[in-house]
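These are my notebook entries on one structure, set down in the order in which I looked things up.

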Amino acid sequence: QELHRKADVALYHAKMAGRRRFSIFGNQMDDAIQSRAAIEADLREALKSKTGLSVVYQPKFASQCGRILGAEALVRWQHPQQGSISPAVFIPIAEEANLIGDLGLWVLETACREAISWPVDHLAVNVSPLQLRAPGFAEAVFAVLSRTGFAASRLELEMTETDFADSEEVGISNIRTLNSR
């Protein structure tokens with residue numbers, strides 16, 4: 001059983017490294033998996049209790065006049081024991097653990113609620129490809145806009161080009177629905 005477990009751990013690491021890779025089991029792999037599992041469990045708790053998570057904003061300036069045109073909402077996580085955990089660490093875990101939908105909608109709602117009275121033209125919120133591919137995503141966005149009173153015309157949903165290229169038909173349908181209103 002232990003041999004199979006270690007083979008599974010090595011296989012997981014090989015898959016994470018990309019296609020046509022192999023891995024030889026090492027004790028550091030066990031440590032990484034245990035650390036990942038702990039972060040996943042703590043992130044689940046943070047999402048449930050809404051503690052430690054926050055949204056910060058990166059302003060977008062017009063350099064000619066120095067006016068703030070908009071802002072981009074960015075999620076941050078202050079872990080109670082580990083301190084600040086980078087989004088580069090917890091976002092992929094949220095995606096793998098199927099938590100990204102809840103996290104993304106929480107960020108969207110928090111950002112819309114906080115930015116509603118700001119004198120900016122737009123608010124940008126990042127969207128995971130997994131969110132975009134989820135049936136009902138567009139309706140969930142409209143529900144957030146309705147609850148917060150944030151104008152759809154001021155909201156920008158951002159996704160990287162490489163993520164967009166991999167979008168499936170449901171994702172394209174969600175984009176069309178979002179653009180139609």
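**Entry 1: Val120.** I began with Val120, which I found in the loop between α4 and β4. Helices here are DSSP runs of H or I with at least four residues, strands are runs of E with at least two, and both are numbered from the N terminus. The model is a predicted one, in which local features need pLDDT of at least 70, side-chain atom pairs count only at pLDDT 80 or more, and totals for chains, interfaces and linings use all residues. I note also that residues are numbered from 1 along each chain as its sequence is written, and that side-chain values use heavy atoms, with hydrogens and water left out.

Is Val120 buried or exposed? Val120 counts as buried, because its relative accessibility is 13%. The scale sets buried at under 20% relative accessible area, exposed at over 50%, and partly exposed in between, with a 1.4 Å probe and protein chains only. I then looked up its contacts (heavy atoms within 4.5 Å). Neighbours within four places in sequence aside, Val120 is in contact with Ile68, Leu69, Gly70 and Arg154. I also checked Val120 against Arg76, 44 residues away along the chain, and their C-alpha atoms are separated by 22 Å.

**Entry 2: the chain as a whole.** I recorded 8 helices and 5 strands. In sequence order they give the pattern α-α-β-β-β-α-α-β-α-α-β-α-α. The C-alpha trace spans about 60 × 40 × 35 Å along its principal axes. The chain has 181 residues, of which 36% count as buried. Among contacts with a separation of 6 or more, 64% join residues 24 or more positions apart.

**Entry 3: Ser128.** I located Ser128 in the loop between β4 (122-126) and α5 (129-133). Ser128 counts as buried, because its relative accessibility is 7%. Which residues does Ser128 touch, not counting those up to four places away in sequence? They are Glu95 and Ile100.

I next searched for polar contacts, meaning pairs of N or O atoms within 3.5 Å; within protein, one atom must be able to donate a hydrogen and the other to accept it, and residues adjacent in sequence count only if both atoms are side-chain atoms. The side chains of Ser128 and Glu95 make such a contact at 2.9 Å. A polar atom of the Ser128 side chain also lies 3.1 Å from the backbone nitrogen of Leu130.

**Entry 4: aromatic pairs.** I looked for rings of Phe, Tyr and Trp (its six-membered ring) with centres within 6.5 Å; planes under 30 degrees apart count as stacked, over 60 as edge-to-face and the rest as tilted. How many aromatic pairs does the structure hold? It holds 2. Tyr57 is partly exposed at 23% relative accessibility, and Trp118 is partly exposed at 29%.

In the pair of Trp77 and Phe90, the ring centres are 5.6 Å apart and the planes stand at 80 degrees, so this pair is edge-to-face. It links distant parts of the chain, with Trp77 in strand β2 (residues 67-79) and Phe90 in helix α3 (residues 87-96), 13 residues apart. Trp77 is buried, with a relative accessible area of 2%, and Phe90 is buried at 0% relative accessibility.

**Entry 5: positive phi values.** Most residues other than glycine have a negative phi. I noted Arg20, whose phi is near 55 degrees, in the loop between α1 (2-17) and α2 (27-49). Arg20 is exposed, with a relative accessible area of 87%. I also noted Asn98, with a positive phi of about 60 degrees, in the loop between α3 and α4. Asn98 counts as exposed at 67% relative accessibility.
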